[in-house]
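Thanks for coming. Please have the sequence and the model up.

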Amino acid sequence: IAALPTQRLTQGSISSNNLSPDVGSLPTSPLPGKPIISMLPIESMDRQDAKHQLLASITTSLREAKTLPLPAFSHAEREDLYRSRHPIRKDPWLIALLCITCVTSIAACWYSFQHQYILLYSDAYSHLRVARRVLDGFSPSLASLGAVWLPLPHLLMLPFIWNDYLWRTGLAGSIPSMGCYLISSFYLYLAALRLTRDRRASFVGALVLIFNPNILYLQTTPLSETVCIATSTMACYYLLAWVQENHPKYLIFTAASTFLATLARYDGWALYVGLLISIFCIGWMKQQKWREIEGNVILFGIFGGLGIILWLLWNKVIFGDPLYFQHGPYSSQVQQIGFLKAHILYTYHDIWQSLRFYTFDSSDTLGLLIFLLTILALIIFVARRRFSPEVFAALAFLAPFGFYVLALYSGQVLMLIPQAVPANAPKHLFNARFGAEIVAPAALFIATLVSRWRLPNL
């Protein structure tokens with residue numbers, strides 16, 4: 001049809017075989033027995049009618065061409081295409097994973113509740129008290145959220161903390177933690193699936209997180225680690241999706257998830273810096289235009305860092321100092337000064353000891369076998385894919401490791417591990433739960449390792 005000549009039609013009879021000399025040979029119809037234009041002689045109509053008839057005939061042919069058979073897709077291709085649009089409803093591995101996560105979460109919470117383990121950590125009870133003060137105290141208000149601990153975990157408790165039974169038992173904090181445990185397993189599976197394209201390997205990798213005993217216990221407590229793990233996993237997943245598809249919505253979701261992470265724990269602040277650098281590096285590796293890189297960095301920098309800005313403003317308005325959380329009387333820094341005077345801050349300004357302490361903590365949290373497999377998986381993953389944009393996005397999951405090494409080095413936190421502290425130390429175990437945040441990245445890289453094995457078809 002596109003090859004129709006532009007010369008004006010002359011008088012004469014036009015058909016598929018009888019053409020005017022001025023027109024030349026018109027193309028035959030794309031469908032058998034379907035002429036492009038009518039068989040009526042041109043003498044019986046004026047030029048306007050001929051034009052309308054020609055356009056109508058072409059339109060009819062195009063409509064009928066829609067019924068032509070399309071290129072065939074294989075069954076696997078059709079299944080992958082449909083599942084990509086309906087990842088939850090049509091993915092039995094994901095459905096099974098979510099069911100296992102729910103059952104395991106409830107069973108672990110019931111066990112902790114029966115044995116009164118929910119409030120074993122003194123910090124767990126303190127988190128509950130902070131949330132309760134917002135609704136029930138001498139002066140109930142949002143200002144009771146304080147300035148040291150970030151507010152998101154306490155805000156998640158507000159729908160449950162008003163109930164005396166849930167507050168006294170600690171279940172008011174367990175419920176949000178259990179929800180974050182479910183979110184973490186969901187996004188971890190999706191992230192592993194994007195890296196491996198293997199549902200079974202992604203399922204196996206997610207089980208590393210789900211069945212980790214430390215994660216299982218933490219998700220029954222009011223502590224903030226599970227909230228940070230969930231929001232950080234969401235942020236890293238959407239970064240990976242943005243790298244693979246280059247769709248702006250994923251960058252916005254990355255910023256929104258990072259915003260939540262920066263309001264959950266200060267680990268989220270390190271994640272924000274890491275992702276900001278990664279977005280710049282990824283844009284440069286993809287050879288994007290400078291204007292596009294600049295726009296992406298500004299978008300993420302403003303939206304993703306909004307939580308940090310709000311927290312600084314909160315400290316300024318409520319306590320008169322934007323850094324009150326850093327050097328206030330109840331801050332972690334003030335506590336570390338006491339530890340330093342007691343000569344138990346073994347990692348202070350010692351990068352080797354900082355690496356050693358957190359490595360031992362990660363090994364204890366994961367178990368030696370899983371820890372060694374994680375190292376092997378990480379080496380193979382980077383060696384095979386080199387430093388591609390996708391590798392940069394995957395390495396963002398390891399932000400907690402870098403954060404805690406730097407925090408130990410700078411003296412912001414104290415961590416004591418039996419294998420690392422001197423034999424004559426007054427304490428041998430303290431804040432070991434910080435290693436829990438390395439479980440999600442370990443599970444992700446375990447999935448990449450499992451994807452290299454040939455699993456039997458089910």
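I start with Ile293, which is buried at a relative accessible area of 5%; buried means under 20%, exposed over 50%, and partly exposed in between, with a 1.4 Å probe and protein chains only. Before going on, the basis: this is a predicted model, where local features need pLDDT of at least 70, side-chain atom pairs count only at pLDDT 80 or more, and totals for chains, interfaces and linings use all residues. Residues are numbered from 1 along each chain as its sequence is written, and side-chain values use heavy atoms, with hydrogens and water left out.

Back to Ile293, which belongs to helix 13 (residues 290–304). Helices here are DSSP runs of H or I, at least four residues, numbered from the N terminus. What does Ile293 touch, leaving aside neighbours within four places in sequence? Its contacts are Phe280, Gly283, Trp284 and Gln288, contact being heavy atoms within 4.5 Å. For Gly283, the C-alpha to C-alpha distance to Ile293 is 5.6 Å, at a separation of 10 residues in sequence.

Not counting residues up to four places away in sequence, Thr104 touches Tyr181, Ile210, Phe211 and Leu216.

Now the rings. A pair of aromatic rings is described by the distance of the centres and the angle of the planes. Rings of Phe, Tyr and Trp (its six-membered ring) pair if their centres lie within 6.5 Å; planes under 30 degrees apart are stacked, over 60 edge-to-face, and the rest tilted. By that rule the structure holds 26 aromatic pairs. One of them is Tyr238 with Phe253, tilted because the planes are at 55 degrees, with the centres 5.1 Å apart. Tyr238 is in helix 10 (residues 225–245) and Phe253 in helix 11 (residues 248–261), so this pair ties together parts 15 residues apart in sequence. Tyr238 is buried at 13%, whereas Phe253 is partly exposed at 37%. Both rings are in a cluster linked by ring pairs, together with Phe186, Tyr187, Tyr237 and Tyr250.

Last, charges over rings, where NZ of Lys or CZ of Arg is within 6 Å of the ring centre and within 35 degrees of the ring normal. Lys286 has its charged end over the ring of Trp242, 5.8 Å from the centre. Arg433 lies over the face of Tyr121, 4.9 Å from the ring centre.

Technical notes. Helix = DSSP H or I, 4+ residues; strand = E, 2+ residues; numbered from the N terminus.
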